[in-house]
Amino acid sequence: MGKNKFDLTVNAISVVLTKRHKTGLGFLVRERQIKPKVEVMELVEDGSAFHSHLIQAGDVILAVNGVDLTTASYKESLKTLRAIPVGGKAVLIIKGPEGFQTHLQTTFTKEGQPRTVRITHPNPNPPITPFHSAKQPDKLSGGLRELQSVTNRDDNMIKSTQLVETSQLSCSLSQNKRSIDFQLLHHNRIKPPICDVPTDKQSPEDTGTVDKDTNTRDKVALTPVSEMPQIPNNKQEFANLKNWETDQNHRETLYLKACPINHCAPKKCNGSLMQPSNMVCDPRDGKPSVESVRQLAKDFIDQYFTSMKRNNSEAHGARLDEVMNSIDSTGTYELTKNELIFGAKTAWRNAPRCIGRIQWNKLHVFDCRKVTSTYEMFEAICSHLKYATNKGNIRSCITFFPPRNDVKTEFRVWNSQLIRYACYRQEDGSLVGDPANLELTELCERLGWKGKGGRFDLLPLLLQANGEDPELYELPSNLVLEVKLRHPDAGQEWLEKMNLKWYAVPAVSNIMLNIGGVEFPGVPFNGWFMGTEIGRDLLDTARYNLILPVAEAMGLNTKKTASLWKDKAILELNLAVLHSFQNDNVTIMDHHVATESFMKHFSNEMKLRGGCPGDWVWLVPPVSGSATPIFHQEILNYTLNPACLYQPDPWHYYKWKDSVMKKRKNKLHFKELARSVLMTSRMMTKAMANRIKATILYASETGKSYAYSKSLQEIFNHAFDAKVVAMDQYDICNLEYEALVLIVTSTFGNGDPPENGEYLAQALQKIVRDSKEDQKKAATKRRFQSVATATPMSRRVSTKQNSFSNDIQSSTQGVLANVKFAVFGLGSRAYPHFCAFAHAMDTLLGELEGERLMEIGEGDELCGQEESFRTWAQEVFTSACDTFCLREQVNLEDANASLSTSKFERADFRVVVHDKQVQPNVVETLGTMHRKKLSSCRLIRRKNLQSEESGRSTILIQLETKNCENLNFCPGDHLGIYPRNDPDLVKELLSKVRDATDENTVVVLEAKREKRSIIGNLKYWEEDTRLPPCTLNMAFSRFLDITTPPTPQLLKLFSECDVNQEESKTLEVLSQGQSEYEDWKFLNNPNLIEVLNQFPSIQLEAALLLKQLPLLQARYYSISSSPEIFPGEIHCTVSVVTYHTRGGTGPLHHGVCSSYLNSITDDEEVACFVRTAPTFHLPLKDNIPCILVGPGTGIAPFRSFWQQRLAEIRKGAHNGCTMALLFGCRNPNHDHLYKQEVAAAMKEGAISHAYTAFSREKGKPKRYVQNVIMSEIPDFVYDIVHEKKGHFYVCGDVTMATEVNKTLLKILCIKGEMTKEKAQEFINSMKTEERYHEDIFGVTLRTYEVNRSVRLKGKEKSESLSHK
Ligand SMILES: Cc1cc2nc3c(=O)[nH]c(=O)nc-3n(C[C@H](O)[C@H](O)[C@H](O)COP(=O)(O)OP(=O)(O)OC[C@H]3O[C@@H](n4cnc5c(N)ncnc54)[C@H](O)[C@@H]3O)c2cc1C
Ligand SMILES: NC(=O)c1ccc[n+]([C@@H]2O[C@H](COP(=O)([O-])OP(=O)(O)OC[C@H]3O[C@@H](n4cnc5c(N)ncnc54)[C@H](OP(=O)(O)O)[C@@H]3O)[C@@H](O)[C@H]2O)c1
Ligand SMILES: Cc1cc2nc3c(=O)[nH]c(=O)nc-3n(C[C@H](O)[C@H](O)[C@H](O)COP(=O)(O)O)c2cc1C
């Protein structure tokens, strides 16, 4: 290229740019009609061109690196530009936009530094007509303004000032402006219906000039959207958006994250185009480049992890790697289910044209990415419509068909909406039906469909699977809810006579979703109608065109437009639409409610994301626009990913496999579809079951909640895909993506969660706290008992009629807005906080706006727990079926029956001799079985702490830990011990098992499995993983619980073991789990051997026991030693449990673990683990006074406390402040535990006060610890607790703890002159401040009496209720 070829002094400049990896030269180009062919269309934010400040949209490229482009074709020019390697330099010769004169000007600073600026002047006679506004003349009349900001010259990157053009139409965003002011384009253009199918042809102006060769698919290169608003700073741009009604201003920053391609071109506003190029994805443009998919995918995965507050976590990094690897090797990747849900919701949230976005979080996703045929698509669509329609209470949902890999394998719905009315062209050229669907109707007819020729005939579905020819399916009319239109006012029968109707569910099916670079061309989705959309469908001239007939029927003067007859007709018809839908209880919103809710959403989004994309032209309703608040709001329109995009109708590009469109074949298909209309309910159920997940979360200490969860799974699997997960195995991030969550949990401690429920409960509490604005509340730790008291808001239960009542004005900010849930609690009324943890979970899920399917269910282990559970499970199942529209398809009887039948089939299990005769390691096996890190200890010493005359034993167990790290603990922690069953009981049991092997033979349980093979179904035996291969003796001694009374289900299985008639009858009654069972269980507390003795005809097999007996659970013991005094040891104070059943008259029972500990020898391995009890530790500061109340074995943890103090005193680290011990026992001579040790500790100053209460001292009245507190030391207690802010510890039996609590309450009332409520508040505050500590062993004192009286009360209550 000759130096002189371009006159750089006139309108051309030379700029050097470096090509970057992702953004190239930093601009997008388009083709010009004339040569030179290449024009800069848009700068890429943060790209080379942007930073050079020397390039503008509209510049024409004359040459690059010496190659002349003035005569080159567009393609050749692009080739030259693309040939520049990444990192390479491009010397560009560019010409300023037409009508301007451009040159560079270099000046020198005082210091002699060169500064170069670009100067662009208009030609003396510019062909520009500035757009003037009456409201803001100052902002728009400026024509061109010159800004001069000068920077140092740099050889690599020339920086300069630029001219900012302000004479473009008001909505073109200049990259270089600090803020953007908008002029409101108020015009009365009637816009197409929201979410409706655009029918207008695209303006050639829009895409005509766009460069197809630059791969237009990549223009959808959308950028990440952080959840956090962009906080404007002086470096950042923002748009100031004014509300002209309220004068309120919003700073919009989210647009900075938008797709760099926008509607508007430098010289024109494309705001009214129906399908601007940035909102269209045309598969004919070829596949998007790997680079653009990578970028979108990264952005999306970042958004997803940011939404879960797991940005930059390990999981985030790993997922990104996985996704990038997949894109590199396959060009795409698979979204996880949760990513899909997040993407769907975000795409809705980002859709600028949708007015109903306040509900974006409340979208139900049907994941049908695995469908392979049109029939499966049809099934899925039926399910979608059923769920969405919900008898008129419309629910938003979306169905995902497989993503696009290639246009040749596409899954698409050819209909623009799932429900559409046909249109027939008459001989005279007139149309009957909805003209919007003329093309599709004619296509269906060519494929063999015959419409009835009516105005409102439902079109069949035309479905395409895997790129094959599409197939027709008649839409089952029972799935289509329609509303007949009538006028609300009397005397307006004209409307009824017109016989108009409309369908209830607007389910758009021709839009595609791009989620992080993955394109979904088949994604039908629906919200509900805004009334004006139906009004327009019926009245628009290009649609039913009923405006004149309506006006005439109303008797209006249609001669003069000034009579506003059109407006009157529109208004009346809109009124009728709203009235008819509302009267039929079908969800609809009027445009006033819709716009108000949008404004609420807009303001929420400004706070949450710093912006809200919106297409003003679409959002302002077609009726009474200026009467709605949105009319006055400035809004920015831009595109974010995930995005909803237009795509061309498939018949415009689809290449039929057969040139004659295989008419006959399709007719055949059409016949088949008639049968599909009668699709049986069972098939529907199957289809749904594959799709709707039910997650059953349980927390359990002794395994009952787990067993109940499994039963629940049985019943739910009749209609859902149900899974059981332990709460501590559950990733809480999944919760918001669940459709249905069922919680089954017990309560432990004194209203606390079972150990495996703690993590989830705390995580939920944290989410609730974080979501509360009241930070004060957030700061205080709430105990679960107090959470259990629900607020009226959070206790809302969906009733059948108003379930999921689409509170269309309300925002759905609640994390669980889209999750349905129900909770069942297991507990015992012997505890004051009955089922408190279940209540707490129920409240928390409610507070997070989860939708409660049913009131919480409660099962009292002392009275009808099983029955309560069964009733609840049946009710909640029915309710869930209703909610998910499965009721008609499910055989409720079958489902309910599954609750009382056990799944165990005797023929499917067997016990065989194992080929390896090696016993497993017990400690390791228990650890695996219970998912716990176990260690083994050995006995050092055992000592009976009671005197010989006592007749009872409380033993001190000293275990050697060998300083095993897993067994490190603090005073106050617990030791969990896995016991061994009494060898005599095991022996007796083995003697009753029909097929018991000899005691040294290692056996294994096997289950029959079935698998498909080319030669048919193969049956084979597989090792069951519940237990490891071991001897029966080991299984019954170490792994299985043989002493807890069998459950009704187990009794049912026993009744099937060839029992004689008489025993079978009794077993049958007991296995119903009703009052007979409860009475029998409570009275006898029978262990397995006693049951077998009561029913000697039971022919018991080992397989049944190995599969069905519950696992032997660990017992907890409060650690009774300090590691400082006894390093390498753990001590426990164990009361050896022995009792006679039937209130003392029955056989003698021995507690499993306490008896085991009372019998172990020093060569046995004790399998144990430490459970930390942070809420029962000593205060951190050493000068805080403490009161310790622990009668009987309740003294156990306090021994570790005083030992700890002793150690500190001996080290000189503690000067011994108040530590008062209150101990109670029967008799000073029998069971005064640790009498000498306490005396010694007092001497050394570790214990400051010791009080004793003797309950069975001869000749003296019974005294309990609470009596001592009340009568002897009330002032002392008040002083420590109230004045000195000391700590109060109670340990042992729950009834005792409750009575001690009441006594403290009384003291506070008397000494502190408080009301009962105030005193209770004070104790609650002690609990939140962690000054009131409880370590509850359970109902240990007077177990039989306490349980009996609670049972009697429960029975009386239920009887009196049944008499009412
Ligand atoms: C956090 C915590 C800490 C604990 N700390 C200690 C401790 O430090 N020291 C200690 O000794 N215990 C403690 N326990 C209790 C301990 O865990 C065991 O429950 C206890 O040792 C009994 O277990 P076992 O296996 O011997 O009896 P099991 O075989 O479990 O038998 C006990 C069961 O028998 C039944 N039963 C008991 N008495 C009667 C009766 N009179 N009439 C009818 N039925 C009856 C009840 O159903 C009872 O649950 C603690 C418990 C917890 C939860
Ligand atoms: N899980 C279990 O089932 C389990 C666990 C551990 C221990 N136990 C059982 O508990 C008993 C021994 O336990 P232990 O040594 O800890 O205690 P304990 O010796 O039975 O009782 C300690 C003291 O507490 C008194 N007491 C009873 N009810 C009370 C109440 N409501 N409030 C305050 N004090 C009360 C007793 O008085 P009285 O004279 O009225 O009894 C006694 O003076 C054994 O029978 C053992 O089998 C059961
Ligand atoms: C130490 C202990 C504490 C308990 N605390 C409570 C309680 O506070 N509230 C309650 O309703 N039930 C309480 N229970 C009863 C259990 O919740 C009940 O036994 C339940 O059926 C156990 O179910 P799981 O096997 O799933 O853990 C307690 C039981 C024990 C042994």
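## Sorting the residues

Before we start, a word on classes: Ala, Val, Leu, Ile, Met, Phe, Trp, Tyr, Cys and Pro count as nonpolar, while Asp, Glu, Lys and Arg count as charged, and the others, Gly among them, are polar. Keep in mind too that this is a predicted model.

## Around ligand 1

With those classes in hand, the shell around ligand 1 splits into 11 nonpolar, nine polar and two charged residues. There are 22 residues around the ligand, and Tyr1116, Tyr1117, Thr1133, Cys1153 and Ser1154 come nearest. Strand β43 gives the largest share of the shell, with four residues.

The backbone gets involved as well. A polar backbone atom of Cys1153 sits 2.6 Å from an oxygen atom of ligand 1. For Ser1135, a backbone N or O atom is 2.8 Å from a ligand oxygen, and for Ser1118 the distance from a polar backbone atom to a ligand oxygen is 3.1 Å. On its own, ligand 1 would expose 980 Å², and the protein buries 77% of that. Elements giving two or more residues to the shell include β44 (1129-1135), α34 (1152-1157) and α41 (1343-1363).

## Two packed helices

Now for helix α18 (residues 704-716) and helix α23 (residues 865-883): they pack at an angle of about 35°, and their axes are 10 Å apart. Their crossing is right-handed.

Who meets whom? On the α18 side, the residues in contact include Tyr708, Leu712 and Phe716, and on the α23 side they include Phe869, Trp872 and Phe877. By class, this contact has 10 nonpolar, three polar and two charged residues.

Note on methods:
Residues numbered from 1 in each chain as written. Chains lettered and ligands numbered in written order. Predicted model: local features only at pLDDT ≥ 70, side-chain atom pairs only at ≥ 80, totals over all residues. Heavy atoms only, no water. Near = heavy atom within 4 Å. Polar contact = N/O pair within 3.5 Å; in protein donor to acceptor, adjacent residues only side chain to side chain. Areas by Shrake-Rupley, 256 points an atom, 1.4 Å probe, with all protein chains shown as cover. Axes fitted to C-alpha atoms, helices over the stretch in contact; angles between N-to-C directions. Left-handed = near helix turned anticlockwise from the far one by under 90°. Contact = heavy atoms within 4.5 Å.
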